[in-house]
Amino acid sequence: MFNQDQEISDKFHPTESIVVYPGDCLDLLQSIPDETLQLVVTSPPYNIGKEYEKKLNLESYIQQQAEVITECVRALSPAGSICWQVGNYVDKGAIIPLDTVLYPVLSNLGLKMRNRIIWHFEHGLHCSKRFSGRYETIIWFTKTEDYIFNLDPVRVPQKYPGKKHFKGPKAGQYSSNPLGKNPGDLWVIPNVKSNHVEKTEHPCQFPVELIERLVLSMTNEGDWVFDPFLGTGTTIIAALRHGRRGAGAEILPKYIELAHQRIQQELAGTLRTRPMGKPVYDPFEAGNSLTVAPWYQQENEQMTLLEDRSPYESDAHEDH
Ligand SMILES: C[S@@+](CC[C@H](N)C(=O)[O-])C[C@H]1O[C@@H](n2cnc3c(N)ncnc32)[C@H](O)[C@@H]1O
């Protein structure tokens, strides 16, 4: 559907297919007609003092988010979905899960929550006064009861695909769906840290595969997918990859530039990404030598020596 020569527009117009707006998301939203967007998916600033955010008190932060969410709801199609991906706000060591404080904002706008997806990953800061955070959430809301949800394109392999009905009229037939099973609401997808193939200088990029699953299940081809806090353009990339249109806003020039580069690479078919559905790397299965701790190795060798020596030692004791 899209080719290398496709233009990236810096303004929204319904006849465009790719929009990267260099500025505040509220300004871009104002130019988007009512009921245009099929999916809004974003990871907003978490108010934890990153370079692109001014740390606000929690009430001001929620107020600011509410303004953006309200505009997104206006621009959302009746069959549309909003997915807000958030972690924790940390206040003097105490955590406040942002989904809990944003839930009332979305539900007071009349949206219905469909899932609270736990996104589990294995890399991040090591905490010393609490357990290290290894998940964030995606809260998924729809505008009406009549929303798009395509399960088949995002099914995953069953654990026991060869299982058969053992009684009843279907006895002997395979019991599972040949297209795979529902992926559930706990998603194990590596986050984009230093060794990830998609890593750029942005501190908190979405992995493309995370957004692909949302795009495939919540939109149809040609639909608009929108990200008010676009960062490096991941949402647009996932949308274009599956024949959808993509739009978003970003305030920092270096990320706008990165978004342009990555989208162009996607159009040219040269963007390297982690494939959807690829199993998470298991260092033990891969035979990675670093999985054996050197101190255990030494200890084990000593233990073996001690075990070998023990009968002689007891003999020696008897001798005395
Ligand atoms: C958490 S990051 C999103 C990263 C993105 N998901 C990606 O895959 O690269 C939030 C982004 O929002 C941008 N931002 C912050 N306030 C904004 C605003 N008012 N309008 C548009 N972008 C904004 C920041 O510069 C930052 O790049």
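A nonpolar core is taken here as a set of buried Ala, Val, Leu, Ile, Met, Phe, Trp, Tyr and Cys residues joined through C-beta atoms within 7 Å. In this predicted model, the largest such core holds 54 residues, of which Leu37, Leu39, Val40, Cys72, Ile82, Ile211 and Val215 touch the most other members. The largest share of this core, six residues, is supplied by helix 4, which spans residues 208–218. In soluble globular proteins, nonpolar side chains tend to be buried together. When residues up to four places away in sequence are left out, the contacts of Leu39 are Gly80, Ser81, Leu214, Val215, Met218, Thr219, Asp223 and Val225.

Helix 2 (residues 58–75) packs with helix 3 (residues 98–108) at an angle of about 40 degrees, the axes lying 10 Å apart. On the side of helix 2 the contact is made by Leu58, Ile62, Gln65, Ala66 and Ile69, and on the side of helix 3 by Val101, Leu102, Val105 and Leu106. Sorted by class, the residues of this contact comprise eight nonpolar and one polar, with no charged residues.

For helix 5 (residues 234–241) and helix 6 (residues 253–268), the packing angle is about 15 degrees and the axes are 9 Å apart. Since angles under 35 degrees count as roughly parallel, helix 5 is described as roughly parallel to helix 6, and helix 5 passes helix 6 in a right-handed crossing. Here Ile236, Ile237, Leu240 and Arg241 of helix 5 meet Arg262, Ile263, Glu266 and Leu267 of helix 6. The residues of this contact divide into five nonpolar and three charged, with no polar residues.

The backbone was also considered at two loop positions. Most residues other than glycine have a negative phi. Glu35, however, has a positive phi, near 55 degrees, and is found in the loop between helix 1 (25–30) and strand 2 (37–42). Because 14 C-beta neighbours lie inside 10 Å, Glu35 counts as partly exposed. Lys92 likewise has a positive phi, near 45 degrees, and is placed in the loop between strand 4 (88–91) and strand 5 (94–97). With 4 C-beta neighbours inside 10 Å, and with 12 or fewer required for that class, Lys92 counts as exposed.

Terms used: Residues numbered from 1 in each chain as written. Predicted model: local features only at pLDDT ≥ 70, side-chain atom pairs only at ≥ 80, totals over all residues. Buried ≥ 20, exposed ≤ 12 C-beta atoms within 10 Å, placed from the backbone. Helix = DSSP H or I, 4+ residues; strand = E, 2+ residues; numbered from the N terminus. Contact = placed C-beta atoms within 7 Å. Axes fitted to C-alpha atoms, helices over the stretch in contact; angles between N-to-C directions. Parallel < 35°, antiparallel > 145°, perpendicular 65-115°, else oblique. Left-handed = near helix turned anticlockwise from the far one by under 90°. Nonpolar A, V, L, I, M, F, W, Y, C, P; charged D, E, K, R; others polar.
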